[in-house]
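I opened the model to look up strands, salt bridges and surface charge. My notes follow in the order I took them.

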Amino acid sequence: MVDLLRQVTGDLPHWLEQTIVAVVIAAVAVIVALVVHRILFRALRRFARASQSDSDNLVVKRLARPTRWALIALGVVLAARETPALDAVWSRIGTLVMPAMIGWMAVAILNAFVDAMILRNDISMADNRRNRRRRTRLSIFGRIATFVIVFVTVGLMMLSIPGVRDIGVTLVASAGLAGLAVGAAAQPALKSLIAGFQMALTEPVVIGDAVIIGGEWGWVEEIRTTYVVVKVWDERRLVVPTSKFLDEIFQNWTKTTSQLLGTVMFYVDPHTRLEPIRQKFYELVESNARWDKRVKHMQVTELTRDAIEVRFLMTARDSPTLFDLRCDIREALIQWVAEKMPEAIVRSRMLPMGPVDIKGIGPVSGDVMAQMDGGSSAGEGGQQAAANG
């Protein structure tokens, strides 16, 4: 094909002939690479759709774009072997393009593997603690591995540029001082990065945990190397540094299991009969689909002058379900007490006092008031004289 192009462009100047031949050969190589990629991935997509797992479709989708460019680069490399002009151009840019292609492929394969493993670890089941731990580790270590691959890829690309390589060799002498300066400036970022790696190993929280931090209650939605996203119950998001989960105290409601024990506090009049309330509570809990059939109990936790404090205990499979169960039981008990036992409603009592008889007390005249004032003054003067004597 190269000889045929040279015959067609035989009357043109040599440099223009070489340029046209290189462009045409490169275009043909790109077209062939695209055709091969299309045929290959059409077969892979059919194979992925035929399988039972959705992870195959995800892997094929992730690898489609980087493999397309990798096949294009491979086609150009093969074409450059037969075309000196194209080989001269590729020798200049190939050392910069190939590391980028390899790094891109490595990141795509890594992300496809992580996404496929995350998809296999379903967290929609009731007891999902193990799968949530696996998802957290895959997410954190996947981001760390991606950072390492990108760092190495950029380093190889920079080393392929002679000017940059010479500058790097020149700066080796001052690397110690520069390292100290960069380390001091990047201390918060490095601390957060190390904290993210530590969280992946120690697992104080995993994705899906119900936590209370900073006075806010919510679920851990995403864990990154430097921060954690907590989804609050009212759809707000808290962006919390990872170091906060290692240095400060916080509550993790689902550290060992997603099952939780919740309470409903209820106050009734001291004269109330408690056994009917207990039976009604058992009936309400047993008929509620949110109860996981583990614990139902009623306790009298406090007695004051005006009320009895009753605590109802109940369990559910996770924190959102437990919250809804507590609201259901509280609402149903309030309505039932108001309809069936209104005497149990807490009320304040005031004992009536008899009327005070003021008819025998007549009006006080001005002379009497003057005598009372004079007597009190004399009494004070006598006390003062006695004290002086």
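Helices (H or I, at least four residues) and strands (E, at least two) are DSSP runs, numbered from the N terminus. The model is predicted: local features need pLDDT of at least 70, side-chain atom pairs count only at pLDDT 80 or more, and totals for chains, interfaces and linings use all residues. Residues are numbered from 1 along each chain as its sequence is written, and side-chain values use heavy atoms, with hydrogens and water left out.

**Entry 1: surface charge**

I looked up arginine 45 and found it in helix α2, residues 14-50. For cover I use these classes: buried is under 20% relative accessible area, exposed is over 50%, and partly exposed is in between (1.4 Å probe, protein chains only). The areas come from the Shrake-Rupley method. Arginine 45 has a relative accessible area of 34%, so I log it as partly exposed.

Which residues form the positive surface patch? I list Arg38, Arg42, Arg45, Arg46 and Arg49. Patch residues have over 30% relative accessible area and no salt bridge; like charges are joined within 9 Å, nonpolar side chains (Val, Leu, Ile, Met, Phe, Trp, Tyr) within 5 Å. Lys and Arg count as positive, Asp and Glu as negative; His and the chain ends are not counted. I take the place of an Arg charge as CZ.

**Entry 2: phenylalanine 113**

Phenylalanine 113 sits in helix α4, residues 84-120. I read a relative accessible area of 48% for phenylalanine 113, which makes it partly exposed.

Two strands pair if DSSP finds at least two bridges between them. I found an open sheet of 5 strands in the order β4-β3-β2-β1-β5, with antiparallel pairing. Which strands stand at the edges? They are β4 (237-241) and β5 (251-252); each has a single partner strand, so one side of each has no neighbour in the sheet.

I then walked through the pairs. Strand β1 (residues 210-213) runs antiparallel to β2, with 4 bridges. Alanine 210 has tryptophan 219 in β2 as its bridge partner. The β1-β2 hairpin has 2 residues between its strands, and glycine 214 in the turn has a positive phi of about 65°.

From β2 to β3 the hairpin passes through 3 residues. These two strands pair antiparallel over 5 bridges. Glutamate 222 has valine 229 in β3 as its bridge partner.

Strand β3 (residues 227-232) pairs with β4 in the antiparallel sense, over 5 bridges. Here tyrosine 227 stands opposite proline 241 in β4.

**Entry 3: salt bridges**

My rule is a side-chain nitrogen of Lys or Arg within 4 Å of a carboxyl oxygen of Asp or Glu. How many salt bridges does that rule give? I count 14.

I checked arginine 236. It forms a salt bridge with glutamate 216 at 3.1 Å, N to O. Arginine 236 lies in the loop between β3 and β4, and glutamate 216 in strand β2 (residues 216-223), so the pair ties together parts 20 residues apart in sequence. Arginine 236 also forms a salt bridge with aspartate 234, closest N and O atoms 2.8 Å apart. Arginine 236 is partly exposed at 36%, glutamate 216 at 22% and aspartate 234 at 32%.

Next came glutamate 275 and arginine 278, whose salt bridge has its closest N and O atoms 2.9 Å apart. The two are 3 residues apart in helix α10 (residues 275-286), so about one helical turn separates them. Both are partly exposed: glutamate 275 at 42%, arginine 278 at 22%. I also noted a network: salt bridges that share partners join Glu221, Lys231, Glu235 and Arg237.

**Entry 4: strand β6**

In a regular strand the side chains alternate between the two faces of the sheet. I looked for this in strand β6, residues 260-268. Which side chains are buried there? Leu260, Gly262, Val264, Phe266 and Val268 point to one face and are buried.

Strand β8 (residues 308-316) pairs with β6 in the antiparallel sense over 9 bridges. Glycine 262 stands opposite methionine 314 in β8.

Methods
Areas by Shrake-Rupley, 256 points an atom, 1.4 Å probe, with all protein chains shown as cover.
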